[in-house]
Amino acid sequence: MTSRYSGHDGFLTRSSFGVLWGLGVLWGIATMATAAAAATFVLPPLVQPASGEHHEGKVIWADLVTPDVAGAKRFYGELLGWTFNDIHTGSGDYSVALLDGRPAGGLFQRTPRPGEQRQPAWLTFISVRDVAAAERHILAQGGKLLSAPRSYPDRGRQAVFADPQGAVFAVLQSSSGDPEDVLAAPGEWIWSSVITRDPDKDAAFYQTVFGYEVFEIPSEDGSTHILLSTEDYARASLNSLPADTARRHPHWLNFVRVNSATDMAARVEVLGGRVLVKPFRDRHGGLVAVVADPAGAPFGLLEWTDTDSKQAAK
Amino acid sequence: MNILASRRSVRGLLVVLFAAVAGCVAGGAYDGGVDVGYGVDFYDVGGYDYGGWGAGYGVGPPRRGGDRGRPDSHPAPHTSYRPASPSRSMPSLPSRSRGR
């Protein structure tokens, strides 16, 4: 009996040593691999030089998740005049889109899994002061965490969530500050809308999380339109899903400022994209259209003149 | 039997731990690349159908000071959110251009 137990103990001791040794080696490899990956993947700062400004609730960034970054670069480059700064990560590619040298968005390569019935999309980033606090508020209000908070040295800290109705968005605590509140130039993102089933309830969610002032906007067609505002600037709208849509899924939709939605919509088709909503006149008087890039990611085109932001005629 | 059982248990444990740690090395990544924190499953649900959009479906921002829809004296309907005070004028986009 004694020898059996001794042998058992000896076996466990050797095995335990082996397990610990193996784990130690693997952890070392894991640490080195992670450090190497982090070292090669550096997202540029949102603003240079650092602004020190902070505008909670403002949409400050958008990333395209697409299976074809090269195709997206051709499309957006020719359509909007963007240039690109590639960041190679080894097996994944990320490209920063620039307009006149200023970061306009990011393109991220992601190959869909076989049989996956999902589509590429632009991911909307909303400014927060504290990602952890935002996470607490979002989860407490019925939102869902899709990607845990992560930090990137020059970019800041970010996380991805879905609102209670399923619209996906991200929050970003920019380490360089937020872009200043100026009128977007043609080719830049100018507007964002949440197209959702219940704008009323979604407005309460976003108001609680980001502290928005909420304005109801009258609509001619009886559907609900709600405006989210901070610092006396319109930041986004909530719109009810059109009643006769066959397939409905709440989502954020970002709009690029254009001089002519009609010309740009035609150009989208020439470049291999699709027009989802033909240009129509919006409440401010300019035209709006919704298009999709060649991979299917939807985005909006919005005409906006320098005088549109000024006081409406009484 | 105890020794054999223990050996199997420890080997099993070793395999599980190896797989878990190897997962930390190879996984946590975005399709084999670096995890940029966008969620490994982030591709939006497809099927965007905007068939009902058109005239009257306002989606863009309003002009500053635009119509808020009802006179100040008119009671607002019950909403899940806290509506802005009736005295607040409709906000709009910034009007200042970059560098000015």
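User: Which residue is the bridge partner of Leu98(A) in S4(A)?
Analyst: The bridge partner of Leu98(A) is Pro103(A). This is a predicted model, in which local features need pLDDT of at least 70 and side-chain atom pairs count only at pLDDT 80 or more, while totals for chains, interfaces and linings use all residues. Residues are numbered from 1 along each chain as its sequence is written, and chains are lettered from A and ligands numbered from 1 in the order in which they are written.

User: In what sense do S3(A) and S4(A) pair?
Analyst: They pair in the antiparallel sense over six bridges, where two strands pair if DSSP finds at least two bridges between them; strands are DSSP runs of E with at least two residues, and helices are runs of H or I with at least four, numbered from the N terminus. In the hairpin of S3(A) and S4(A), two residues lie between the strands, and Asp100(A) takes a positive phi near 55 degrees.

User: Changing topic, which residues of H3(A) are buried?
Analyst: The buried residues are Val131(A), Ala134(A) and Ile138(A); buried means 20 or more other C-beta atoms within 10 Å of the residue's own, exposed means 12 or fewer, and partly exposed lies in between, with C-beta atoms placed from the backbone. Seen down the axis of H3(A), they fall within an arc of 60 degrees, so they line one face of the helix; the arc is that of the directions from the helix axis to the C-beta atoms.

User: What sits on the face turned away from the buried side of H3(A)?
Analyst: That face carries the exposed residues Ala132(A), Arg136(A) and Ala140(A).

User: Why does His137(A) count as partly exposed?
Analyst: His137(A), which lies in H3(A), is partly exposed because it has 18 other C-beta atoms within 10 Å.

User: Which residues does His137(A) touch?
Analyst: Not counting residues up to four places away in sequence, His137(A) touches Thr208(A) and Val209(A), contact meaning that the C-beta atoms, placed from the backbone, lie within 7 Å.

Notes:
Contact = placed C-beta atoms within 7 Å.
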